[in-house]
Structure formats: C-alpha cells, structure tokens
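Subject: Structure for your files

Hello,

Here is the structure I said I would pass on. My notes on what was found in it follow below.

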Amino acid sequence: LQQQAKVNQYLERLRDPARRGKLSADEAEALASRLFQKWTASAELMSTQWPVSRLRVCQYELMNLEGVMLSDPSPAKEPQLEDSRRDVNRCLEKAAAVLRNVRKANEELGAAVADADRAIGPLPPAKATASAKEPARK
C-alpha cells in the first residue's frame with residue numbers, strides 16, 4: 001500500500017492544481033493531508049522495533065518446540081514441552097498485538113488510497129520507451 005501510494009503520486013497530484021482534477025484546493029489538501037498522515041503512520045509502524053522479529057516472527061520458538069517434540073522420550077521431555085509451548089504462546093501473543101496495529105494501519109491507509117483513487121484516479125500505465133522496445137544487443 002505504501003508503494004502504491006508513492007508510485008501513483010497521489011500526494012504530488014493532489015497538491016498540483018493542474019493534476020488534481022475537479023477537486024477544489026481545500027478538498028485536495030484535506031485528502032492529501034489525510035493520505036500523508038496515514039502513510040506516515042504506516043511507515044513508522046513498519047520501521048519501529050517490534051517485540052518479535054519481523055522476518056522470523058516465532059520461528060525460533062517453533063523450531064525449539066519441534067526439536068523437543070521429536071526428541072527421544074525421557075523424564076525431562078514433558079517439562080521441556082511445557083516450557084516450549086509456553087514460549088511459543090507468549091511469542092504469538094506478542095506478534096498478534098503488533099499485527100493488530102499493522103492491520104489497522106493498513107486498513108486506514110487503504111481507505112485513504114481508495115479515496116484518492118476515486119477522487120483523481122491512478123496514474124495511467126507507463127508507455128514503453130524506444131530503447132525498451134529494442135531487443136537486447138549481444
């Protein structure tokens with residue numbers, strides 16, 4: 001969504017009188033301000049430190065649980081399973097809290113992008129340049 005908002009140049013187009021279509025200056029500025037605020041909030045959320053890894057989420061905890069589950073039976077296995085399950089659940093609770101915020105931010109940004117799209121539409125597809133049409137030289 002952040003990339004879509006940037007690629008379609010909504011902010012630039014809303015703030016340019018020649019490109020904002022039928023919107024009044026006040027309407028365009030209100031929409032641009034809302035879009036910028038939602039885009040910034042989404043970007044800040046994605047760039048802050050999370051209580052779990054953004055890339056791995058709970059992978060290490062899950063691998064630990066899997067390792068204990070696949071280990072040979074022993075008197076220590078049941079307590080290890082309990083500890084591993086507790087670690088996975090704790091991690092998932094942290095991840096769920098972050099993902100609720102991400103979902104809310106994406107929904108709000110998506111609504112602002114949709115409003116901009118309805119107001120001024122997306123950019124038309126880019127046209128290929130002459131050099132892009134030529135076959136690659138060897």
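α4 passes α5 in a left-handed crossing; a crossing is called left-handed if the near helix is turned anticlockwise from the far one by less than a right angle, and right-handed if clockwise. The axes of the two helices come within 9 Å and cross at roughly 160°. Axes here are lines fitted to C-alpha atoms, for helices over the stretch in contact, with angles from 0 to 180 degrees between N-to-C directions. α4 and α5 are therefore roughly antiparallel to each other (angles under 35 degrees count as roughly parallel, over 145 as roughly antiparallel, 65 to 115 as roughly perpendicular and the rest as oblique). On the α4 side the contact is made by Glu61, Leu62, Asn64, Leu65, Val68 and Met69. On the α5 side it is made by Lys77, Gln80, Leu81, Ser84, Arg85, Asp87, Val88 and Cys91. Contact means heavy atoms within 4.5 Å.

This is a predicted model, in which local features need pLDDT of at least 70 and side-chain atom pairs count only at pLDDT 80 or more, while totals for chains, interfaces and linings use all residues. Residues are numbered from 1 along each chain as its sequence is written, and side-chain values use heavy atoms, with hydrogens and water left out. Helices (H or I, at least four residues) and strands (E, at least two) are DSSP runs, numbered from the N terminus.

α5 itself has 44 residues and reaches 62 Å from its first C-alpha to its last, close to the 64 Å expected at 1.5 Å a residue. The expected span is 1.5 Å times one less than the number of residues in the helix. Just after α5, glycine 121 takes a positive phi of about 75°.

Next, the cysteines. The count comes to one disulfide, taken as a pair of cysteine sulfur atoms within 2.5 Å. Cysteine 58 and cysteine 91 form it, with their sulfur atoms 2.0 Å apart. The link is left-handed, with -95° about the S-S bond. Cysteine 58 lies in the loop between α3 and α4 and cysteine 91 in helix α5 (residues 77-120), so the pair ties together parts that are 33 residues apart in sequence. Both cysteines are buried (buried means under 20% relative accessible area, exposed over 50%, partly exposed in between, with a 1.4 Å probe and protein chains only).

Which residues other than glycine have a positive phi? Most residues other than glycine have a negative phi. Valine 57 has a positive phi of about 45°. Valine 57 lies in the loop between α3 (25-47) and α4 (59-70), and is partly exposed at 36% relative accessibility. The other case is glutamine 9, with phi near 50°. Glutamine 9 is found in the loop between α1 (2-7) and α2 (10-14), and its relative accessible area of 29% makes it partly exposed.

Asparagine 8 lies in that loop between α1 and α2 too, but is buried, at 12% relative accessible area. Leaving out residues up to four places away in sequence, asparagine 8 touches Arg13, Pro122 and Leu123.

Leucine 11 is in helix α2. With residues up to four places away again not counted, leucine 11 touches Ala32, Leu35 and Phe36. Leucine 11 and leucine 35 are 24 residues apart in sequence and 7.5 Å apart in space, C-alpha to C-alpha. Alanine 30, in helix α3, is partly exposed at 48% relative accessibility. The C-alpha atoms of alanine 30 and leucine 14, 16 residues apart along the chain, are separated by 9.4 Å.

Regards
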